[in-house]
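Here is a friendly walk through one model, from its pocket to its helix packing and one backbone detail. Have the viewer open and follow along.

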Amino acid sequence: MIGSIKNNLFSGLGICLSLLFAGFSKNFYIFTLFYAILTGFFCGIAYIPSLYICYSYFPEKKGLISGVCMMCFGLSAVIMQTLFSLIVNPDNEKKDKNGNYPLCVVDRVPLAIHFIG
C-alpha cells in the first residue's frame, strides 16, 4: 500500500511538471515530448496501482472494477476537455475560412495547460 502511495505521488508530480513544461515550450517537438509522451507515461504509471488496489479490495469482481476504473478514466477526459475549452475559448469564437482560430484563442492555450497542470 505504501508503495502505491509513493508511486501515485511520483506520477502525479510527473504529470504536473510535464504539463507545466509543456505550457512553457515554444518548440513543437519539445511540446509533444512533454504534453503527449511524458504526460501519457506518468498517467500509465498511476493507472496500474489504482487498479491493483481496487482488485485487492474486490477480488471476486475484477471485471466490474476494471469497467468502473475505465469509465472514470474516460469521464475525466470529458471533464478536462470541457474545462480546457472553457478556458481557451470562453466566447465560442469560430474558425476563419482557412480553419484557424483567432489569436486571442491561440494565446490562451499555454494558460489552460498551466491551469490544468
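## The largest pocket

The largest pocket has a volume of about 500 Å³. A pocket here is an open set of points on a 1 Å grid over the protein atoms alone, where a 1.4 Å probe fits, with protein on both sides within 12 Å along at least five of seven lines. Grid points are joined across faces, edges and corners, and the volume is the space filled by probe spheres set on them. Lining residues, which have an atom within 4 Å of a point, number 18, and the closest to the pocket centre are Leu19, Thr39, Cys43, Met80 and Ile116.

This is a predicted model: local features need pLDDT of at least 70 and side-chain atom pairs count only at pLDDT 80 or more, while totals for chains, interfaces and linings use all residues. Residues are numbered from 1 along each chain as its sequence is written, and side-chain values use heavy atoms, leaving out hydrogens and water.

Helices H1 (2-24), H2 (28-57), H3 (62-88) and H5 (109-116) each supply at least two lining residues; helices are DSSP runs (H or I, at least four residues) numbered from the N terminus. H3 gives the most, with six residues. By class, the lining has 13 nonpolar, five polar and no charged residues (nonpolar: Ala, Val, Leu, Ile, Met, Phe, Trp, Tyr, Cys and Pro; charged: Asp, Glu, Lys and Arg; polar: the others, Gly among them).

## H3 against H5

The axes of H3 and H5 come within 9 Å and cross at roughly 140°. Axes are lines fitted to C-alpha atoms over the stretch in contact, with angles from 0 to 180 degrees between N-to-C directions. H3 passes H5 in a right-handed crossing, meaning that the near helix is turned clockwise from the far one by less than a right angle.

Met80, Leu83, Phe84, Ile87 and Val88 of H3 meet Val109, Leu111, Ala112, Ile113, Phe115 and Ile116 of H5, with contact meaning heavy atoms within 4.5 Å. This contact has eleven nonpolar, no polar and no charged residues.

## H2 against H3

For H2 and H3, the axes come within 10 Å and cross at roughly 145°, and H2 passes H3 in a right-handed crossing. Tyr47, Leu51, Cys54 and Tyr55 of H2 touch Lys62, Ile65, Ser66, Cys69, Met70 and Phe73 of H3. Eight of these residues are nonpolar, one is polar and one is charged.

## A backbone detail

Finally, look at Asn92, in the loop between H3 and helix H4 (103-106). Asn92 has a positive phi of about 55°, although it is not a glycine.
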